[in-house]
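Subject: Structure handover

Hi,

Here is the structure I promised to pass on to you. Have a look at it first, and my notes follow below.

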Amino acid sequence: MKEFNTLYLIVDENIAVITINRPKYLNALNSEVLIELSEAVDLIDKDPTIRAVILTGAGEKAFVAGADISEMKSKDVLEAREFSSLGNKIFSKLEKLRMPVIAAVNGFALGGGCELAMACDLRIAGNKAKFGQPEVGLGIMPGFGGSQRLARLVGNGIAKEILYTGAMIGAERAYEIGLVNRVVDSTVVLEEAKKMAQAIAAKSPIGISFSKKAVNEGTNMDLEHGLSLEVELFGSLFYTKDQKEGMSAFLEKRPATFQGK
Ligand code: CAA
């Protein structure tokens with residue numbers, strides 16, 4: 001696989017792990033990280049063997065401590081809009097990958113880091129992880145989707161509290177409000193994310209990818225249109241080898257081997 005300056009991409013047995021690697025700056029997202037993340041997502045998208053992705057940060061301190069403040073400081077209005085638009089475009093591309101993406105949050109997930117975790121399908125947090133959108137303390141607001149995805153994940157009331165106060169919340173509170181799926185000991189975050197990825201990789205990739213599409217697209221529709229989308233997707237799965245294999249394996253009392261076709 002391609003070598004990057006600011007991240008690692010490792011693919012092992014159907015699972016890709018992206019590690020953002022600027023630990024000296026708590027993995028802050030500058031333009032180079034964003035562009036390399038975009039390239040990594042493209043490579044994953046083109047690899048038919050990958051069934052789940054884990055996204056994490058290098059070092060023990062941070063997942064990602066936000067967009068890079070030293071790079072942002074001197075931007076003018078146009079450059080700031082471009083930066084926000086670039087981040088949003090890349091996070092949306094990550095969100096739309098056909099396979100699930102798990103954020104393994106090993107420390108600070110602030111600003112753009114919290115936004116990056118929210119663009120993933122699932123979030124596993126270490127018990128020392130801290131989440132927040134501290135942008136209002138910098139005289140700005142979230143620019144990589146935080147004002148939209150946070151409200152959709154935890155509801156308007158709690159989202160507004162997090163956005164207006166800029167205060168950090170711990171992993172347990174993040175779990176209580178539905179911002180993370182699970183909290184585990186901080187020493188086993190990646191290990192637990194890999195176990196979850198392996199469980200996902202053993203199931204039908206096409207069934208999972210259609211479930212992802214139904215949730216992602218359906219939640220932006222009214223219920224009636226969302227249910228119609230489900231009918232369409234459910235029906236078209238009966239063209240697939242995975243449906244034939246899954247149901248035959250059940251009736252023959254053997255484990256299914258899915259091809260994602
Ligand atoms: N951008 C640039 N550099 C950052 C950074 C960031 N977001 N976060 C941390 N760093 C750098 C620090 O400047 C420091 O560098 P130096 O050693 O060269 O001084 C290094 O990483 C280590 O950080 P600290 O010394 O500050 O570590 P700490 O343990 O004392 O504090 C922290 C940790 C509370 C996370 C603190 O670093 C912090 O508050 N970081 C900024 C968090 C933030 O405001 N994020 C939002 C950014 S704006 C954004 O993301 C907008 C958007 O939506 C697009």
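A word on terms before the sheet: two strands count as paired if DSSP finds at least two bridges between them. Helices (H or I, at least four residues) and strands (E, at least two) are DSSP runs, numbered from the N terminus. Please keep in mind that this is a predicted model, where local features need pLDDT of at least 70, side-chain atom pairs count only at pLDDT 80 or more, and totals for chains, interfaces and linings use all residues. Residues are numbered from 1 along each chain as its sequence is written, and side-chain values use heavy atoms, with hydrogens and water left out.

The sheet

Six strands form an open sheet with mixed pairing, in the order β1-β2-β3-β5-β7-β10. The edges belong to β1 (7-12) and β10 (182-184); each has a single partner strand, so one side of each is left without a neighbour in the sheet. From one strand to the next, the twist averages 20°.

Leu7 has Ile20 in β2 as its bridge partner. The hairpin of these two strands, β1 and β2, has two residues between the strands, and Glu13 there takes a positive phi near 45°. Ala125 stands opposite Val183 in β10.

The helices

For the packing values, axes are lines fitted to C-alpha atoms, for helices over the stretch in contact, and angles run from 0 to 180 degrees between N-to-C directions. Angles under 35 degrees count as roughly parallel, over 145 as roughly antiparallel, 65 to 115 as roughly perpendicular and the rest as oblique. Contact means heavy atoms within 4.5 Å.

Helix α1 (residues 31-46) packs against helix α3 (residues 77-95) at about 25°, with the axes 10 Å apart, and the two are therefore roughly parallel. From α1, the contact residues include Leu34, Ile35 and Val41, while those of α3 include Phe83, Leu86 and Ile90. This contact of α1 with α3 divides into nine nonpolar, three polar and two charged residues (Ala, Val, Leu, Ile, Met, Phe, Trp, Tyr, Cys and Pro count as nonpolar, Asp, Glu, Lys and Arg as charged, and the others, Gly among them, as polar).

α3 also packs with helix α4 (residues 112-119), at about 30° and with axes 9 Å apart, which makes α3 roughly parallel to α4. Phe91, Leu94 and Glu95 of α3 meet Gly112, Glu115, Leu116 and Ala119 of α4.

α4 in turn packs with α5 at about 55°, the axes being 10 Å apart, and these two are therefore oblique to each other. On the α4 side are Glu115, Met118 and Ala119; on the α5 side are Gly146, Arg149, Leu150 and Leu153. Four nonpolar, one polar and two charged residues make up the contact of α4 with α5.

An aromatic pair

Rings of Phe, Tyr and Trp (its six-membered ring) pair if their centres lie within 6.5 Å; planes under 30 degrees apart count as stacked, over 60 as edge-to-face and the rest as tilted. By that rule there are three aromatic pairs. One of them is edge-to-face: Phe91 and Phe144, 5.4 Å centre to centre with 70° between the planes. Phe91 lies in α3 and Phe144 in the loop between β8 (130-132) and α5 (146-154), so the pair ties together parts that are 53 residues apart in sequence.

Best wishes
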